[in-house]
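Reader: I'm new to this one. Can you put it up and walk me through it?

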Amino acid sequence: MLSAAHPGDKMSLMPRKTSKESSGSRLAEVRASRIEKLARMRELGVEPYPNGFPDREVIGAARERAEGANVRVAGRLVLWRRHGGATFAMLRDQSGQIQLHLRRDILGEDRYEVLKLLDVGDFIGAEGPLFTTRTGELTVEVRQLTVLTKTLLPLPEKWHGLTDPETRVRKRHLAFITDPDAMGILAKRAEFVRHLRAFLDGEQFLEVATPALERIPGGADAEPFVTHYNALDTDFYLRISLELAHKRLIVGGFERVYEIGRVFRNEGLSREHLQELDLLEFYWAYADLDALKRFVERLYATVIEETFGTLQLPYGDQVLDFAPPWPESDFGELFRGIGIDLDEYSTAESLRPVAEERGLTVGPGLGRGRLIDMIYKQAIRPTLIQPQFLVNHPVDLSPLAKRDPADPGRVQRLQVMMAGSEVGNGYAELNDPLDQRSRFEEQQRLREAGDREAHMLDEEFLEALEYGMPPTVGFGVSIERWLMYLTDSPSIRDVVAFPATRPPAAPAAPDGEAE
RNA sequence: GGGCCGCUAGCUCAACUGGCAGAGCAGCUGACUCUUAAUCAGCAGGUUACAGGUUCGAUUCCUGUGCGGCUCACCA
């Protein structure tokens with residue numbers, strides 16, 4: 001009789017408040033108590049951290065079995081209700097949860113006493129027949145119980161869960177325990193990416209891997225991270241896009257390539273921006289912009305349907321309808337809609353007062369393209385709600401896109417817009433090496449004038465173009481941005497396992513480490 | 001970077017106009033063999049984010065710092 005034999009021990013094992021090192025107070029007390037339980041388990045011959053739990057069945061599957069069937073399940077205890085000689089518990093694994101019923105008269109006195117050493121949060125394995133309680137809850141009548149992992153720290157509160165947004169991002173593991181929906185989004189992401197690959201593979205696109213460390217980062221308007229390569233004693237940049245490497249592959253003779261790769265942008269945090277993100281880019285030789293439009297519609301519709309089972313997805317109080325064909329909006333038309341005819345403002349100087357009138361803070365040295373972009377983002381982009389193609393952008397906005405033969409001031413480009421945000425960008429790639437050089441030189445000039453996001457001149461890339469790149473269309477989209485809208489997530493951080501956070505408040509750094 | 005808001009026990013939250021920092025959950029002890037946020041009795045648990053200031057007295061008022069959220073500007 002364990003209960004009779006050990007009351008004295010239990011008292012002596014109670015965590016006494018040790019004056020030293022008790023700063024965590026309650027938490028320290030709980031932890032100390034659990035370490036004592038751990039020791040008691042070992043005294044009783046129960047190993048608290050055994051290896052594996054063979055032949056277990058996932059709870060979701062066990063729940064499908066007939067009443068009376070013997071099931072063998074494992075998971076984390078999330079609820080614990082003791083009623084004298086009978087105990088109810090809730091066991092959860094990744095597939096779901098199921099109630100356990102543990103009875104003294106079934107388990108026997110000794111084994112029932114071991115239950116006192118268990119806490120909510122511990123992992124256990126349980127085996128026994130299924131039955132339904134009076135109140136209709138599917139339950140395992142536990143015959144065999146195995147401790148799988150003893151936990152030392154308590155879980156967040158069972159009813160309210162973890163709501164403090166700071167703790168939720170800093171201790172994401174706790175957020176996942178508390179909120180299975182958060183976990184579900186990551187599972188959706190995996191499924192979505194799998195369907196994306198399957199679609200592109202099925203269209204004879206070759207998946208490639210290109211370097212993340214570059215000497216000249218390019219292909220996007222973004223400020224890069226810098227790092228240092230010791231062996232060469234040289235600074236490298238982390239890539240900001242996949243674009244230029246892929247075009248060099250097209251020069252090399254590849255005709256359809258794609259990559260889903262991590263890129264890094266040294267920019268601020270916001271609801272819809274991360275510092276590292278997975279970009280899907282693909283490049284397709286001999287296709288034109290119209291073919292790209294049809295292809296992109298089909299890609300989105302197929303993958304969305306396969307992943308979510310529908311083409312109508314809610315975002316906030318909107319419903320986004322991805323059924324093709326999508327409408328097109330003309331960049332210049334939209335500007336005329338807010339009373340600006342871009343043809344009348346051919347220079348940055350003439351456009352600057354227009355931007356200032358709208359309350360935009362226009363730094364020095366910004367080019368015409370950047371000013372147009374600022375006005376667009378303030379006044380036009382938020383109004384583009386339903387999935388659609390935005391087309392006919394000014395050339396100033398698109399240093400890597402081919403000009404429209406009908407109007408050299410515009411380019412052959414499409415942006416996929418939804419919910420007031422850009423979720424996809426493609427164009428007929430510029431393959432005129434001399435035009436490309438002069439546009440890089442223009443970007444270089446803007447860069448020197450203070451635009452830190454203007455493109456750097458990439459001599460290797462220019463040389464590659466001189467060997468000839470066939471007519472090619474390319475497309476890029478951030479997986480996270482895309483999923484944020486598809487999963488109705490208020491923040492892009494919700495679709496990432498571990499979003500970046502500032503270092504926690506420094507607990508008085510040891511000296512010498514400062515600077 | 002700017003503006004606004006927040007930070008109190010492990011978690012979720014109270015504390016009036018400046019007057020002994022409280023409750024629920026979790027924890028510990030005990031009761032209870034069909035519970036559903038189980039219930040009941042008892043116990044314990046705090047550098048009120050941090051540093052200053054005002055005051056007889058600060059969780060509360062003031063200043064600064066840190067971290068976070070929202071938002072504006074900029075980037076997918």
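Author: Start with the surface near RNA strand B: helix H3 (26-43), strands E1 (70-83), E2 (86-93) and E3 (96-103), and helices H7 (165-170) and H14 (368-380) each supply at least two residues. Near means that a heavy atom of the residue lies within 4 Å of the strand. Helices (H or I, at least four residues) and strands (E, at least two) are DSSP runs, numbered from the N terminus.

Author: This is a predicted model, where local features need pLDDT of at least 70, side-chain atom pairs count only at pLDDT 80 or more, and totals for chains, interfaces and linings use all residues. Residues are numbered from 1 along each chain as its sequence is written, chains are lettered from A and ligands numbered from 1 in the order in which they are written, and side-chain values use heavy atoms, leaving out hydrogens and water.

Reader: Which element gives the most to that surface?

Author: H3, with 5 residues.

Reader: And how many residues surround RNA strand B?

Author: 62, and the closest are Arg26, Lys37, Arg81, Thr135 and His273.

Reader: Which polar contacts reach a base nitrogen?

Author: A polar contact here is a pair of N or O atoms within 3.5 Å. A polar side-chain atom of His83 is 3.4 Å from a base nitrogen of RNA strand B. For Leu274, a polar backbone atom lies 2.3 Å from a base nitrogen.

Reader: Switching topic, how is chain A divided?

Author: Into domain 1 (2-149) and domain 2 (180-327 + 416-431 + 467-495), with bounds from an automatic or database domain assignment. Their centres, taken over C-alpha atoms, are 46 Å apart.

Definitions and conventions
Polar contact = N/O pair within 3.5 Å; in protein donor to acceptor, adjacent residues only side chain to side chain.
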